[in-house]
Amino acid sequence: MGVGRHRPRTRTPSPGGQGARGRRDGRGTGTGTGIGIGIGTGRSMGGWRDMPAEALEEQYSPSRWSPRLGRDTIIQAHLEATAAGTQRARAGAQTSLHVPYGDGEGEKLDIYFPTDPSGTFPVLVYIHGGYWQCLRGIYLCGHSAGAHLAAMVLSTDWTEYGVVPDIKGAVLVSGVYDLEPILHTYVNDALNMSREVAQRNSPMLCISPAAPAAATCEVLVAVAQHDSPEFRRQSQEYGQALRAAGWSVSLLDLAGVDHFDIIEKLAEDSYVLTQVILNMISRA
């Protein structure tokens, strides 16, 4: 997320916006899985309803929360970093690019094969973010809006479609799992979601008890230290709700990263999240 446009307006400091920044404390070390996420916002589920409009927009504008770069440069830097990573990946792997999966111009995917594509191997499906404007042994990984889509895959009753995908694991990174707050932000200017649509497509409201087929599916909910308090709240509450429904869930709070480099660093072998994903796949 965070590549959406900002509504042009004169913005003035508000108690809600400033208070949100001041509450970013009490976080974990981000050195492993299974840890809690100490958000420290003092808000319960639904607390966003009490926020002034500009404070709520601040919460769902990830570019405003990075300590590395300003909001006008962080998105461009993120696009450049991911584009460079894509070029490195393409240079070191066999690929099948721009494979259509639908009729739309943007409905294409890139497939990266291992060096030796013979035999069987696990598949990791990565779904990028961008506020949605942009089957055996499968692992899902989604970032931001992509994490929402991956979560919706977990929420789908696939028997209605006559299939039971063998999803071994899901990595949900800095996602949004309750869409209703977004109705009240600039993001919905482009999406035009109704409340009914937002509720129907909110993973938080679609959690069902883990079916037997999900018993072997590991779910990792990861969030950045420098995500906004609302993003952090949603990650914690969604992970806890999945766990209460019987899913195998770990929570990972990654220190020292923001909404963008939490995923950019996946190109680094020593990065905690990279290692967690590889370990998840190797255990299957």
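## Sheet, patch and burial in a predicted model

Val-171 stands opposite Leu-220 in strand 6, and this position belongs to the pairing of strand 5 (residues 167–173) with strand 6 (residues 218–224), which runs in the parallel sense over 5 bridges. Two strands are taken to pair if DSSP finds at least two bridges between them, while helices (H or I, at least four residues) and strands (E, at least two) are DSSP runs numbered from the N terminus.

The model is predicted, with local features needing pLDDT of at least 70 and side-chain atom pairs counting only at pLDDT 80 or more, whereas totals for chains, interfaces and linings use all residues. Residues are numbered from 1 along each chain as its sequence is written, and side-chain values use heavy atoms, with hydrogens and water left out.

On the surface, Tyr-101, Leu-109, Ile-111, Phe-113, Phe-121, Val-123 and Val-125 form a nonpolar patch with about 550 Å² of accessible area together. Such patches are made of residues with over 30% relative accessible area and no salt bridge, nonpolar side chains (Val, Leu, Ile, Met, Phe, Trp, Tyr) being joined within 5 Å and like charges within 9 Å. A salt bridge is a side-chain nitrogen of Lys or Arg within 4 Å of a carboxyl oxygen of Asp or Glu, and accessible areas come from the Shrake-Rupley method with a 1.4 Å probe, where for residues only the protein chains shown count as cover. Strand 2 (108–113) and strand 3 (123–127) each supply at least two residues of the patch, and strand 2 gives the most, with 3 residues.

Two residues illustrate the burial classes (buried under 20% relative accessible area, exposed over 50%, partly exposed in between; 1.4 Å probe, protein chains only).

| Residue | Class | Relative accessible area |
|---|---|---|
| Leu-109 | partly exposed | 34% |
| Phe-260 | buried | 0% |

Leu-109 lies in strand 2, and Phe-260 in the loop between strand 7 (248–254) and helix 8 (261–264).
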